[in-house]
Amino acid sequence: MTHIELTDTEIIKKVLQGEQAVYAQLVHRYQQYVFTLAFRFTDNREDAEEIGQDVFVKAYRSLADFRGDSKFSTWLFTIVRTSCITFLRKKRLETTSIDNERTLVQLENRESGFNANTVEQKSRHAMVNQAIRMLSPDDAQLITLFYKGEQSLEEIGKIMGYDPNTIKVKLHRARHRLKDKLEKHFSYAHEY
Amino acid sequence: MRMNTEQPMEERLWNYIDGLSSQAEKSAIEALLTEDREWREKYNELLNIHRLLDASELDAPSMRFTRNVMEEIARFHVAPATRTYINKNIIRGIGAFFLTMILGLTVFVLTRFNWTGGSSDNVAAKDIDLGLSKLKNVDVSKAFNGAYITVFMLIAVVMGFILLDLYLQRKKTAANP
């Protein structure tokens, strides 16, 4: 039996007609993108998974509001970004006092945990993912959207709330900072 | 000195790598890459990062992710589209109503000023005299007799009719879709 893959628009149409089960295809198609973007923001798998599930539930509930004037992924990633910001804001409010100390320790671990020998044994993918995680959430999301999210500068602008030119400049800076991290923590310059 | 030249070079090279340069810029950079060793080295360095990022992989959530989402959404329904219950014309109408109110009031206040009160003596003092001392003498009944107020009321009534018409039309469409 041949399996015909439905387009995003076809899936959405079916879901809006009441075929709830078809939504699983959309979840399956975008779960890695959504999870990665959330993970870049939270740096915690459990939190990223929680945000990811919340994003798909929100998207399902407001699916009738998707007008189709942008790609479904662009619309979905906008929900990811707002959910991440809300999540972080909430979390910051909950744990302000203990956090100051913990953040410092986490930052130190983030820096020192990626030193020399251990990292050099890992693959390039792991190395680049770890370097991205050392960037600020904004830089990390921007790089992920551009390289893995199949989004243009205009679309990223829509998601992040900036104009395309600002996104271009931010992307240059993010890559510059990534290069610094690679050189500082992964002996990048010697490897390539 | 090196920083000043490096920054634009990097930006121009990133644009070139991302395919965002114009045709003229593309040709200029290609010429620089052939002639200038520094440009070539920088280009290779940036291209390596670009390739590395391009080949990076997405993280995967747990195996139960899709099932968890489907179990969660089973408790919900798709909410009706916002556009079906928020009529933009009504919002615009309300906005226009308040705008007309503000404009009407501004015109009214401006007509109450004594614009001919100044003379060459003691100009500074008279320039800032906006007739506030006369406020207590203002006859409120005059406010509703002026031509501006009549026009303002007329616009408000017309807009009220427009809003009523929009509301009735919507009701009619809803009754006979």
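One term before we click: pLDDT is the predictor's confidence in each residue, on a scale from 0 to 100. This is a predicted model, so the rules are as follows: local features need pLDDT of at least 70, side-chain atom pairs count only at pLDDT 80 or more, and totals for chains, interfaces and linings use all residues. Residues are numbered from 1 along each chain as its sequence is written, while chains are lettered from A and ligands numbered from 1 in the order in which they are written.

**Stop 1: colour by confidence**

Select chain B. Its mean pLDDT is 80, and 75% of its residues reach 70 or more. In chain B, confidence is highest in helix α4 (residues 65-73), at a mean of 94, and lowest in helix α7 (residues 123-127), at 52. Now pick residues 1-5 of chain B, where pLDDT stays under 50. How many contacts beyond four places in sequence does the model have for them? The count is 0, where two residues are in contact if their C-beta atoms, placed from the backbone, lie within 7 Å.

Switch to chain A, which averages a pLDDT of 83, with 80% of the residues scoring at least 70. Helix α5 (residues 96-112) of chain A has the lowest confidence there, at a mean of 46, and α3(A) the highest, at 95. Over residues 97-117 of chain A, pLDDT stays under 50, and the model has 7 contacts beyond four places in sequence for that stretch. For the complex, the predictor gives an ipTM of 0.77 and a pTM of 0.67.

**Stop 2: cartoon view**

Show both chains as cartoons. Chain A comes to 11 helices and 0 strands, and chain B has 9 helices and 0 strands.

Next, burial: a residue is buried if 20 or more other C-beta atoms lie within 10 Å of its own, exposed if 12 or fewer, and partly exposed in between, with C-beta atoms placed from the backbone. Of the 192 residues in chain A, 34% are buried. In chain B, 6% of the 177 residues count as buried.

**Stop 3: where the chains meet**

Select the contact between the two chains. Chain A puts in 37 residues and chain B 28 residues. On the chain A side, the elements giving two or more residues are α1 (8-16), α2 (23-42), α3 (45-61), α7 (124-133), α8 (137-147) and α10 (164-185). Which of them gives the most? That's α2(A), with 10 residues.

**Stop 4: α10(A)**

Now zoom in on α10(A). This helix has 22 residues and reaches 31 Å from its first C-alpha to its last, close to the 32 Å expected at 1.5 Å a residue (the expected span is 1.5 Å times one less than the number of residues). Its buried residues include Ile167(A), Leu171(A), Ala174(A), Leu178(A) and Leu182(A). Turn the view to look down the axis: the buried residues of α10(A) fall within an arc of 145 degrees, so they line one face of the helix. That arc is taken from the directions from the helix axis to the C-beta atoms. On the face turned away from the buried side, find the exposed residues Asn165(A) and Val169(A).

**Stop 5: a nonpolar core**

Click Ala131(A). It touches Leu178(A), Lys181(A), Leu182(A), His185(A) and Phe186(A), not counting residues up to four places away in sequence. A nonpolar core is a set of buried Ala, Val, Leu, Ile, Met, Phe, Trp, Tyr and Cys residues joined through C-beta atoms within 7 Å. The largest one has 49 residues, and Val34(A), Ala38(A), Val80(A) and Ala131(A) touch the most other members. α2(A) gives the most to this core, with 11 residues.

**Stop 6: Thr100(B)**

Last, jump to Thr100(B), in helix α6 (residues 88-112) of chain B. Is Thr100(B) buried or partly exposed? Thr100(B) is partly exposed, because 15 other C-beta atoms lie within 10 Å. Leaving out residues up to four places away in sequence, Thr100(B) touches Phe152(B), Ile155(B), Ala156(B) and Met159(B). Draw a distance from Thr100(B) to Ala156(B): they are 56 residues apart along the chain, yet their C-alpha atoms are separated by 7.6 Å.

Conventions. Helix = DSSP H or I, 4+ residues; strand = E, 2+ residues; numbered from the N terminus.
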